[in-house]
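Good morning, and thank you for coming.

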Amino acid sequence: MVGVVPVVVLIAKIYGRAIRRLSRRVQDRLADATEIAEEALSGIRTVRAFAREDTEHARYAAAVERSTDSGWATSFSVTQSRSFFLPFTQVRHSWMLSG
């Protein structure tokens, strides 16, 4: 049991870094979508004057789609890591309760 702990800790660090990187990407993509919406809303007169509503809507929809895709990737990674570590957690708890 003690020999498994360093391996589990190493795997947890690797997963943690990957999830942190994915989470940061989601936040960046959300910031991009927010920036597009803010630009369009602050320049709404210009957007309307040049009949660019559809273009701005498409830009925003694409940015939100990228954000959603990144969110799904992060969610999948978190779920994957939890399913990997759950047995170790259960063994640890039963070991502590029986000890």
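Let us begin with what lies over helix H1: the cover of its buried residues includes H2 and H3. Helices here are DSSP runs of H or I with at least four residues, numbered from the N terminus, while strands are runs of E with at least two. Buried means under 20% relative accessible area, exposed means over 50%, and partly exposed is in between, with a 1.4 Å probe and protein chains only. Contact means heavy atoms within 4.5 Å.

Please note that this is a predicted model, in which local features need pLDDT of at least 70 and side-chain atom pairs count only at pLDDT 80 or more, whereas totals for chains, interfaces and linings use all residues. Residues are numbered from 1 along each chain as its sequence is written, and side-chain values use heavy atoms, with hydrogens and water left out.

Which residues of H1 are buried? They are Val8, Ile19, Leu22, Val26, Ala33, Ile36 and Ala40. H1 itself has 39 residues, and from its first C-alpha to its last it reaches 56 Å, close to the expected 57 Å at 1.5 Å a residue. That expected span is 1.5 Å times one less than the number of residues in the helix.

Setting aside residues up to four places away in sequence, isoleucine 36 touches Glu56, Arg59, Tyr60 and Ala63. Arginine 29 is also in H1, but at 26% relative accessibility it counts as partly exposed. Apart from neighbours within four places in sequence, its contacts are Ala63, Arg66, Ser67 and Ser70.

I turn now to H3. This helix covers residues 53-98, has 46 residues and spans 65 Å from first C-alpha to last, close to the 68 Å expected. Its buried residues are Glu56, Ala63, Ser67, Ser70, Thr74, Ser77, Ser81 and Phe85. Helix H1 (4-42) and helix H2 (44-49) are among the elements that cover them. By contrast, arginine 82, also found in H3, counts as exposed, because its relative accessibility is 61%.

Where does H3 bend? The bend is at phenylalanine 85, by about 35 degrees, and proline 87 follows within four residues. The bend at a residue is the angle between axes fitted to the seven residues ending there and the seven starting there.

How do H1 and H3 pack? Their angle is about 165 degrees, and their axes are 9 Å apart. H1 is therefore roughly antiparallel to H3. Angles under 35 degrees count as roughly parallel, over 145 as roughly antiparallel, 65 to 115 as roughly perpendicular, and the rest as oblique. The axes are lines fitted to C-alpha atoms, for helices over the stretch in contact, and angles run from 0 to 180 degrees between N-to-C directions.

Finally, consider the loop between H2 and H3, which holds alanine 51. Most residues other than glycine have a negative phi. Alanine 51, however, has a phi near 50 degrees, a positive value in a residue other than glycine. Is alanine 51 buried or exposed? Alanine 51 is exposed, since its relative accessible area is 59%.
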